[in-house]
Amino acid sequence: MITHTRSIRNLWLPAVAVVLGLWFSGCGPQGGNREASTSGKPNVVATSTIIEDLTEEVAGDEIQLTGILQPGADPHVYEPVPADSVALEKADLILYNGYNLEPGLIKLMNAAGNKARKVPVGEVIKSLQLDKAGEKVPDPHVWGDVKNVIQMVNVIRDELISLSPEDREKFTQNATRLTGELKQLDNWIGKQIATIPADKRRLVTTHDAFQYYGRAYQLKIIGTLIGISTEEQPSAQTVRKLVDAVKAAGVPAIFAETTINPALITTVAEESGVKLAPNQLYSDSIGAGGGAGDSYIKMIVANTRTIVEALGGKSTPFEPAAQPQK
């Protein structure tokens with residue numbers, strides 16, 4: 001079975017353990033414990049929770065899967081812990097988002113002397129370009145458009161087949177099932193957004209993570225408190241400009257996000273006289289196990305229903321049709 005490694009251990013061992021090649025666990029506020037694989041199956045590491053979830057769906061139990069980030073963790077600001085180095089060094093394949101979504105892990109991955117093939121799954125998508133400190137940089141939040149995720153699933157499938165050719169049929173079947181459901185999800189989102197009054201199809205969020213979603217499903221992004229990375233800190237002038245933009249747009253609600261402190265976006269809502277949507281949006285991570293957004297598909301469904309209902313539309317449950325067995 002796939003081994004998930006999302007629990008936290010508040011234990012640090014001396015760096016000399018790495019030199020000696022000893023097994024150790026590291027921890028941090030968002031890191032996870034690691035266990036050595038004894039299954040004989042290929043070791044695959046996924047950096048983000050979204051990539052991990054998609055990989056699990058495609059791989060089934062044919063690999064040993066390690067996820068670096070926990071649900072709810074922010075990949076933009078995550079600081080690697082010693083156990084992450086161990087996981088990366090033991091990997092046969094590393095799947096990461098790319099476009100600098102997870103800068104700390106990318107730096108660690110490139111510095112580590114590991115044998116793994118490193119694949120930036122999100123970079124199969126031609127990125128949107130956003131402004132950061134006066135320069136154009138790629139927007140890493142490619143999963144907002146479900147059509148992009150279908151391409152990402154195909155990349156994951158092909159990489160897994162290259163790693164474990166004897167499991168080709170299983171990986172192919174699982175990817176086909178998943179992409180079939182994603183196609184239904186893409187269609188469902190469009191129908192939900194269409195119920196929002198045309199002049200209310202405008203989105204204001206905490207950070208600039210919904211450009212792909214907005215472009216794909218006809219929502220105009222009015223503004224955000226911060227840019228594409230949550231490392232940024234909004235100035236008082238930025239807050240004031242966003243308040244003015246919200247007032248001018250006449251949107252009925254704005255949105256907080258699960259990975260970011262909601263204090264400032266709450267201030268924007270209060271000062272602009274609009275409500276803060278009752279549910280937060282999942283932006284850079286899936287939600288905790290058992291919650292409304294604990295898989296990629298469920299997080300997109302939850303986001304869509306939250307947006308639609310807060311902006312004056314009417315949502316219906318996502319109920320994918322059963323797909324024919326091949």
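Let me start with burial: of the 326 residues in this protein, 54% are buried. The model is a predicted one. Its secondary structure consists of ten helices and ten strands. The accessible surface is about 14,300 Å², and carbon and sulfur atoms account for 51% of that.

Next, how the chain contacts itself. If we take contacts between residues at least 6 apart in sequence, 66% of them link residues at least 24 apart.

The largest nonpolar core contains 62 residues. Within that core, the residues with the most contacts are Leu160, Leu182, Leu185, Ile189, Tyr296 and Ile307. Several elements each contribute at least two residues to this core, among them strand 1 (43–46), helix 5 (146–163), helix 6 (168–193) and helix 10. There is also a second, separate core, with 17 residues, including Val45, Leu69, Leu88 and Ala116.

Take Leu182 as an example from the largest core. Which residues does Leu182 contact, leaving aside neighbours within four places in sequence? They are Val146, Val149, Ile150, Val153, Tyr296 and Ile297.

Is Thr304 buried or exposed? Its relative accessible area is 0%, so Thr304 counts as buried; the cut-off for buried is under 20%. Not counting residues up to four places away in sequence, Thr304 touches Trp188, Ile189, Gln192 and Tyr213. One of these, Ile189, was on the list of residues with the most contacts inside the largest core.

Technical notes: Residues numbered from 1 in each chain as written. Predicted model: local features only at pLDDT ≥ 70, side-chain atom pairs only at ≥ 80, totals over all residues. Heavy atoms only, no water. Helix = DSSP H or I, 4+ residues; strand = E, 2+ residues; numbered from the N terminus. Buried < 20%, exposed > 50% of the residue type's maximum accessible area, 1.4 Å probe, protein only. Contact = heavy atoms within 4.5 Å. Areas by Shrake-Rupley, 256 points an atom, 1.4 Å probe, with all protein chains shown as cover. Core = buried A, V, L, I, M, F, W, Y, C linked by side-chain atoms within 4.5 Å.
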